[in-house]
Amino acid sequence: MSRGKLPVVDDGGAPARAPAAFEAMLAGHGLELRAGAVEVLQVNVGKLCNQACKHCHVDASPRRTEIMTAEVADHVLEAVRRFRFPAVDITGGAPELNPQFRRLVSGSRAAGSRVIVRHNLTVLFEPGQEDLPEFFRDHEVEVVSSLPYFLGRETDSQRGPGVFDKSIEALGRLNAVGYGRGVGGLTLNLVYNPVGAFLPPPQASIEADFRRELLARHGVTFDRLYTITNMPIRRFLEYLRRSGNEERYMRRLVDAFNPAAVAGLMCRTTLSVDWRGRLYDCDFNQMLELPVVAGLPRTIGEFDPETFAGRVVETGAHCFGCTAGAGSSCGGAVLKT
């Protein structure tokens, strides 16, 4: 791509839908972005959250009312039982605040799926959530928790005052029931998002820093750390605009495009379901109301795996975030070395 051209950003809090810039980059490298079989069903149960993080691409907060109903949860569980997805990845908001959360977990586990929960740690201190560590353990849930940094100031600046101390206490409670100890199959992974308009450092190096510092300072252990690039959409894009970093950050993403990351993008193996039951290629597309390509079924109740395998993935300027540097996915860096 010519250095003089950047993907256009619209006025609705998201990079413009027009995918020409990203598709032109793919074409310039002889690449096409198509999905394979759906290996992960990622279920976003809504935008209600006990936090309002500065980088949140969902725009989640305690004031949001979008929440998955029992009827939509029934459709999700029917699809899980019928199609036996290898993994069900439950996210939000804080998914635990949804009344359907626990039956989504137990129903998916009963169907034989591995269950991943995107757990923000502090929700454990909300009324009625005190037993979450034991619930996770009893259902062998893989817990993935965001922790912006191993120091309090950086974490609280992104997630709110007092979040770091609560997060450390929650990690200790998860450790106490067996998570992050490397035994018993109870997996606790952390997520690092940069606190600012820059790309994450190499995943292996910052994982080593987190492991050393959390153990030395707080006696906390975990299994792996994922680095995830902040997507230039919604709340993070608003921050970029307020700080005058929008053009600089988009230029950084475009200039760091890595064609080797395309093969491992999560949209190739993941299908995203929103709180209404509608289908998207990824959670980021979901937040931009960018559904799966025209002609495919639009809801989880209509899902058919044969129809979705090999589909063309809908793209936009935000996709540069997933292909910058070592790449970025819900499982961390796409390129591990």
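Here are a few questions and answers about this predicted model. Residues are numbered from 1 along each chain as its sequence is written. Local features need pLDDT of at least 70, side-chain atom pairs count only at pLDDT 80 or more, totals for chains, interfaces and linings use all residues, and side-chain values use heavy atoms, with hydrogens and water left out.

Me: Is Asn175 buried or exposed?
Reply: Happy to look at that one! Asn175 is found in helix 6, residues 163–176 (helices are DSSP runs of H or I, at least four residues, numbered from the N terminus). Buried means under 20% relative accessible area with a 1.4 Å probe and protein chains only. The relative accessible area of Asn175 is 4%, so Asn175 is buried.

Me: Which residue has its backbone oxygen 2.8 Å from a polar atom of the side chain of Asn175?
Reply: Leaving aside neighbours within four places in sequence, Asn175 is in contact (heavy atoms within 4.5 Å) with residues including Gly180, Arg181 and Leu188. The backbone oxygen at 2.8 Å from its side chain belongs to Tyr179.

Me: Within what arc do the buried residues of helix 5 fall?
Reply: The buried residues of helix 5 (residues 152–159) are Glu154, Thr155, Gln158 and Arg159. Seen down the helix axis, they line one face, because they fall within an arc (taken from the directions from the axis to the C-beta atoms) of 105°.

Me: Which residue follows helix 5?
Reply: What covers the buried residues of helix 5 includes helix 6. The residue that follows helix 5 has a positive phi, near 120°, and is Gly160.

Conventions: Helices (H or I, at least four residues) and strands (E, at least two) are DSSP runs, numbered from the N terminus. Buried means under 20% relative accessible area, exposed over 50%, partly exposed in between (1.4 Å probe, protein chains only). A polar contact is a pair of N or O atoms within 3.5 Å; within protein, one must be able to donate a hydrogen and the other to accept it, and residues adjacent in sequence count only if both atoms are side-chain atoms.
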